[in-house]
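Here are a few friendly notes to read alongside the model. Take them one at a time, and keep the picture open as you go.

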Amino acid sequence: MRSHPPLTVLHDRVPGRLRLHLPALYRSPKLKRWLVENLSHRPEIRKLQINPVTGNLVIAFDPAQGKEVLLHLLEACLAHPNAPKAQAPGSSPPPAKARKLRFGWRQAPQSTTAHSSPPQAHWHTLSAEDCCSLLGTSPDGLKARAARERLTAYGPNALTTAKPRSALQIVLDQLLSPPTLLLGVSAAISLATGGIADALVIVAVVGINAVIGYATEASTERILQSLESLSPLHAEVIRDGVPITVPIAEVAVGDVLKLSPGSYVAADARLLSADNLSVDESALTGESLPVKKDAAAVYPPLTPLAERANLVYRGTVVTGGSGLAVVFATGRHTEIGLIQSLVEATESLKTPLQRQLESLGLQLVWTSGLVCLAVFALGVARGLGFLPMLKTAISLAVAAVPEGLPTVATTTLALGIYRMRTRQALIRQLNAVENLGAVQVICFDKTGTLTLNRMAVTRIQTASGILAVAGERPAEAVAPEAQKLLEIVSLCSEVTLNGEDLNGSPTEKALIRCAQWAGIEVEALRARYPQVAQQLRAEDRPFMATYHTHGARLLIAVKGSPQAVLERCAHYLHEGQAKPLTDARRRQILAANETLAGEALRVLGVAYGECAAPNDTLPDLVWLGLIGMEDALRPGMAELIARFHRAGIQTVMITGDQSATALAIARRLNLSGGKPLEVVDSSRLDKIEPEILRHLVKDVTVFARVSPAYKLQIVRALQENGKVVAMIGDGINDAPALKAADVGVAMGQRGTEVARAVADVVLEDDNLKTLYTAIEQGRTIYLNTQKALRFLLATNASELQLMLLGVLLGRGEMLSPMQLLWINLVTDVFPGLALAQEPPEADAMQAPPRDPQAPVLDARRVRRLLRESLSLTGGALAAYVFGRSRYGFGAQTEGLVFQTIVLAQLLHALSCRSETHAFWQIKPANPYLNAALGGSLLIQTGVLGIPALRKLLGLSLPGWLDLGIVGAGAVLPLIFNESLKAKESRSSRHADEPVHL
């Protein structure tokens, strides 16, 4: 008997649940399919989850069965002769089409050159030294030449992308759609029964529809493909012992990645060192909280992927700390690349609205099919002829199904992307267009978003008193304590100097500029005290510390959160002497901190000390003082916040500043919209249970002292409350929250490369007013889709009703197959597309955001559609009654019905421009709709003047009275629907008015 792969039970403590590891499952989609096909239908198994990326599977089963029964069942399944064999270690998975995934940077096309696979090993089981040895590298990184050779051997660090549809594929999709196939059947029947002219007309209709469909879809395809045209991200690596920045595609196996807060991990790598390093791995593992990393750890071979704390993976984000990691897999060999290769079919990117419309279209196909079948059966039963009724039923089915629904949705989204680009809002994800219209909460990062991110030192407070700073220059002589403070912040800094140019964060550049104006030679100071080590801010370390050579010992320079730095101080500097830090003095310092923060200043605490060697635990420090910096608010922010409130959008500030600073800014902006201003100090957010946090975020306006990981928690807590959340940021520390938000928004000019790479929307002009415009456009896109849907469904339903009535009344066909096809061509396509391009309504931003869970067609809209379609049918039926009484049955009567329904449907497009306003009140005009209606009316009028077309459609020239009846039958439904719209609008306004007692 064939041996089967071993099974390892990872967890079985929960009754009725088994978590297992199957080595043969790792990177084996075939084995996954085999297990699903043979186990999912078993009555003993309630739920089966299989992950070939990790090699794990979870089985939920009936506890009464016992786990032994399940294990025996699984072993029997694996031992079957037809079960896929285990994949050889190091072998590559079979080639498969790629799936579009979101990684935050452009996916380079897969090279056609054959590349070898990099060295294979269980990297988490090896020490850092062994990994470097196996990869032929060192902590100093590769030589530049070696990196080029490895890129040639193993290929670029690039992921595959799905190819866009070709022109031929678009045409075939048009011709092979169900409505087109129905038309083909109708043409074949016409040809078989001698209706050559009818068949030619049907073929012409197919051709015209295909041309229109190709033109719109090809344009849409180009716009959507342009979403991938993004600047490539870069990564910092060490080569020849020197840190350099390279494009992500040029990261090679054996490179040493330099990891810092906010940086994207460019490839799968084994950690060489980690200083309080934490990584957001939710993109890969689904883990909601950042994962602490440990470079010294070594794990058993079967350790799950999510628990390998000594590895980092491509596509994840560093949320805190720093580290070095040696790359062992790039491109398609990374775990995130394997996810692509394991997917066997390309899945097109579709928004929830597109999926809803496709589902609705399918329901309408079945509903319309049943009605058409009923029309066919009734007609045959009344002796109207099998083949004529079959042609009528098929033509009616084509006319009744709004096959343009998905196209309208995609076209509307694509046009929205184009319009937003012209207004400086770059859309990077298709879903973002739809989500923008449903945004309920906007989370602002303060620095660089609400403010200009132009920091300037304005206060320095030491034991000697307050030193005012104006224009970055001290306004008076600098006391020794203040001089020492500025020296320490010059040392404790990541700013690099290149002549007069400073490279670094706005905060640190402001500190260096102030030190220079105070007469400190920063470069000479750094040369006197060379830096030997540093500790960056991390999740549990809200300060930065650097170590410098100072004789036989090391000088420690520290700056950061005033409370955190003060807690580590035992003395304070006064008159050149280090004096004991009493409780009274501590209270004075904390009170001064609150005073400065209350003036909306960003405040840092500064201290220094000495030690023999760098250590995670700082020795007792000497307190130097506080330094306050001002970051001016962006002009017009208060009015913009008020506009968001009028649009029903909640505004929340998430900042790393102190509570007093954040509170002062929030008050200036009226961030709570007149409601009580709730502020939460988030320094202990990790102690709060997730359920409590979920309830807490409902009423909080300001979250202060927030770390990158906590920003992520806050965004997710808001989402768990059912909110559609937009997160705005520009720094590397905003990247995890930007990625998690429903709509991540980054600044295009001042934003960091990482922030722009993970964001859904990039504001190219750094103007938050552009975001307001983008949200308005997002709402308009949804409303325009609703307008097109309303028009298509109402007009198609009127045709169904008219035909069904004709059969029920014993008249047979109210409209001939040719007339139905003509209506489908003239009244459906162009007005529907034109409605999708309506300009924003004047009150689009005066209503609350839509519920993202609401169906695209709710009960209220269904009732309105039924009423409007019946009014259109009523107008045509009235024309039929008049024609029958005046002309009897024949071409005259049929022509009256045809002309009336065509004109009524075209006029109904005017009513569909708004759900609340009369069409003549809507400003501005829609030139596309005007052109569509004018062109359709011109074509319809031309039918009467061309004898051949009149004969083809079975029409005769109408008299003046006939034209009056046609006009009345078309205009009266419009008046009826507009009057009911006005009545409903008045009732809605009265319902919203407050009642005064």
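1. In what order do the four strands of the open sheet lie? The order is 1-2-4-3, and the pairing is antiparallel. Strand 1 (8-11) and strand 3 (45-51) are the edge strands, each pairing on one side only. Strands here are DSSP runs of E with at least two residues, helices are runs of H or I with at least four, and both are numbered from the N terminus. Two strands pair if DSSP finds at least two bridges between them.

2. A word on the source: this is a predicted model, in which local features need pLDDT of at least 70 and side-chain atom pairs count only at pLDDT 80 or more, while totals for chains, interfaces and linings use all residues. Residues are numbered from 1 along each chain as its sequence is written, and side-chain values use heavy atoms, leaving out hydrogens and water.

3. Now look inside the sheet. Strand 2 (residues 17-21) and strand 4 (residues 56-61) pair in the antiparallel sense over five bridges. Leu20 has Leu57 in strand 4 as its bridge partner.

4. An α-helix has 3.6 residues a turn, so residues three or four places apart point the same way.

5. Just after helix 3, Gly136 takes a positive phi of about 65 degrees.
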